[in-house]
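Subject: Structure for you, with notes on salt bridges

Hi,

Here is the structure I promised. Please open it alongside this note.

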Amino acid sequence: QQLAAVPPALTWFANITNPQTRRAYQCDLTEFMKFFGIDQPAQFRIVTRAHLLAWRRDLENRALSGATIRRKLAALSSLFDYLCEVNAVVSNPVKGVKRPTMASAEGKTPAIGDHQARALLNAPDATTLRGQRDRAILSTLLYHGLRRAELCALTVGDMQQRRGVAHLRIHGKGGKLRYVPLHPGTAEGIDVYLQAAGHAGDSQGALFRPVKNNVHTNDRASITADGVYKMLAGYATSLNIAVAGFGPHALRATAATNALEHEADIAKVQEWLGHANIATTRIYDRRKMRPEDSPTFKVAY
């Protein structure tokens, strides 16, 4: 083969639809190339399993988490799978390289208690535009298990009627659409916010928009992911919710955990959350790990 037959990394990146995944994989690939002094695409042909083992050992020595190491190896495996597919290399050297096991079946994202969720829902000032927006956002996250990016991507037109029931059209990972029934309380909160904000008829515009001095700062732009994080952090601080790792994703974990604890079918929860694999959904199934069921509270002296 001619050396030019090795396709550029750009072609591989183009097939990764999620921008966060693309950015992470690009950083992982750059790090690997720097570690071994690779500066030409053709040099990937001489990479062996021994190279991968040496890199994995270096990652472990840097005390990186198992999840991070797994992702970095997954990035390299994805690239070599692609190179094999286009006959640029003969095999994938990442195959057979053992990846760190998950430290816990429960996952690292915390889920808050029901009393904390209720306190969050009631924390925003319902007499102001910002408070009305924040109440609607918190209700959307806690009753529908959305990812932060999915919340920010919502438009007014994504509230739709399906078979006579109000739904949210969710733009999920990988460009996948799913429809989630809209909780009545959330629907009421969104309606109050939209009437106060005045953009209920703008179907193409963002549903949740930035607010400054109790007015919208941009007619159609969505609140940013960072804006959602800072908003949530402010209410968590005011309520003394000091939970390690707490953030918007914790509300997704809380919604999933609560649904499962109230006997929701796990396959339905998987579809509801937009998980490709039910194993991911099982991370949120903490019914066997409830503190109140611990033998600690059965001991009596």
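How many salt bridges does a search of the whole structure find? The count is 14. Keep in mind that this is a predicted model. As background, side chains of opposite charge can pair when their charged atoms come close.

Start with Asp134 and Arg133. They form a salt bridge, with the closest N and O atoms 2.8 Å apart. Asp134 is buried, at 2% relative accessibility. Arg133 is buried too, with a relative accessible area of 3%.

Next, look at Asp202. Its salt-bridge partner is Arg209, and the closest N and O atoms are 2.9 Å apart. Arg209 counts as buried at 2% relative accessibility. Asp202 has 19% relative accessibility. The cut-off for buried is under 20%, so Asp202 counts as buried as well.

Then there is a pair on a helix. Lys230 bridges to Asp226, with 3.1 Å between the closest N and O atoms. Both residues sit in helix H9, which covers residues 225-238. They are four residues apart, about one turn of the helix. Is Lys230 buried or exposed? Lys230 is exposed, with a relative accessible area of 55%. Asp226 is partly exposed, at 41% relative accessibility.

Best wishes

Notes
Residues numbered from 1 in each chain as written. Predicted model: local features only at pLDDT ≥ 70, side-chain atom pairs only at ≥ 80, totals over all residues. Heavy atoms only, no water. Salt bridge = Lys/Arg side-chain N within 4 Å of Asp/Glu carboxyl O. Buried < 20%, exposed > 50% of the residue type's maximum accessible area, 1.4 Å probe, protein only. Helix = DSSP H or I, 4+ residues; strand = E, 2+ residues; numbered from the N terminus.
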